[in-house]
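User: Please take a close look at one part of this chain for me. I would like to follow the aromatic side chains and what they pair with.

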Amino acid sequence: MDSGESSIHSFIVRLWLETPVGAAGEAQWRGRIVHVPSGASRYFDDLQEMLGFIRAYQMTTPPPGSPAAPAATALRAEPWWRRWWRGRG
């Protein structure tokens, strides 16, 4: 693995709408995220939990001379996720 690959993280995100039994209550979005290289996973029902899981991997310091983007730019999709999540509820 070259130094550029060590700073790349892949995630699989699965989202589903969980509907309550019967007519009472509101449907709620839930999900599961998996960090592909390690197999670590977490279930979540809040967007912040999912983003926190990703941030934990993005905050690792890349090796010196690595072409990795800074952690602040690694989550460029965050505004998109927020809009999507709000529109689903």
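Analyst: Start with Y43. At 54% relative accessibility, Y43 counts as exposed, because the cut-off for exposed is over 50%. This is a predicted model, so keep that in mind throughout.

Y43 has a ring partner, W16. The two form an edge-to-face aromatic pair.

From the N terminus, the order is β-β-β-α-α-α. Buried residues make up 22% of the 89 residues. Of the contacts with a separation of 6 or more, 41% are between residues 24 or more positions apart.

Back to the rings. The count comes to four aromatic pairs. Another of them joins F11 and F53. This pair is edge-to-face too, with 6.2 Å centre to centre and 75° between the planes. F11 sits in strand β1 and F53 in helix α1, 42 residues apart. F53 is buried, with a relative accessible area of 7%, because buried means under 20%.

Next, look at the charged side chains. There are two salt bridges. One joins R30 and E18, with the closest N and O atoms 2.7 Å apart. R30 is in strand β2, residues 28-35, and E18 is in strand β1, residues 11-18. The two residues are 12 positions apart. The other bridge joins R30 and D45, at 3.0 Å from N to O. D45 lies in the loop between β3 (41-44) and α1 (47-58), so this bridge ties R30 to a part 15 residues away in sequence. Through shared partners, the salt bridges join E18, R30 and D45 into one network.

How exposed are these three? R30 is partly exposed, at 23% relative accessible area. E18 is partly exposed, at 36%. D45 is partly exposed, at 31%.

Finally, the surface. The chain exposes about 6,200 Å². Carbon and sulfur atoms supply 55% of that area.

Terms used: Residues are numbered from 1 along each chain as its sequence is written. This is a predicted model: local features need pLDDT of at least 70, side-chain atom pairs count only at pLDDT 80 or more; totals for chains, interfaces and linings use all residues. Side-chain values use heavy atoms; hydrogens and water are left out. Helices (H or I, at least four residues) and strands (E, at least two) are DSSP runs, numbered from the N terminus. Buried means under 20% relative accessible area, exposed over 50%, partly exposed in between (1.4 Å probe, protein chains only). Contact means heavy atoms within 4.5 Å. Accessible areas come from the Shrake-Rupley method with a 1.4 Å probe; for residues, only the protein chains shown count as cover. A salt bridge is a side-chain nitrogen of Lys or Arg within 4 Å of a carboxyl oxygen of Asp or Glu. Rings of Phe, Tyr and Trp (its six-membered ring) pair if their centres lie within 6.5 Å; planes under 30 degrees apart count as stacked, over 60 as edge-to-face and the rest as tilted.
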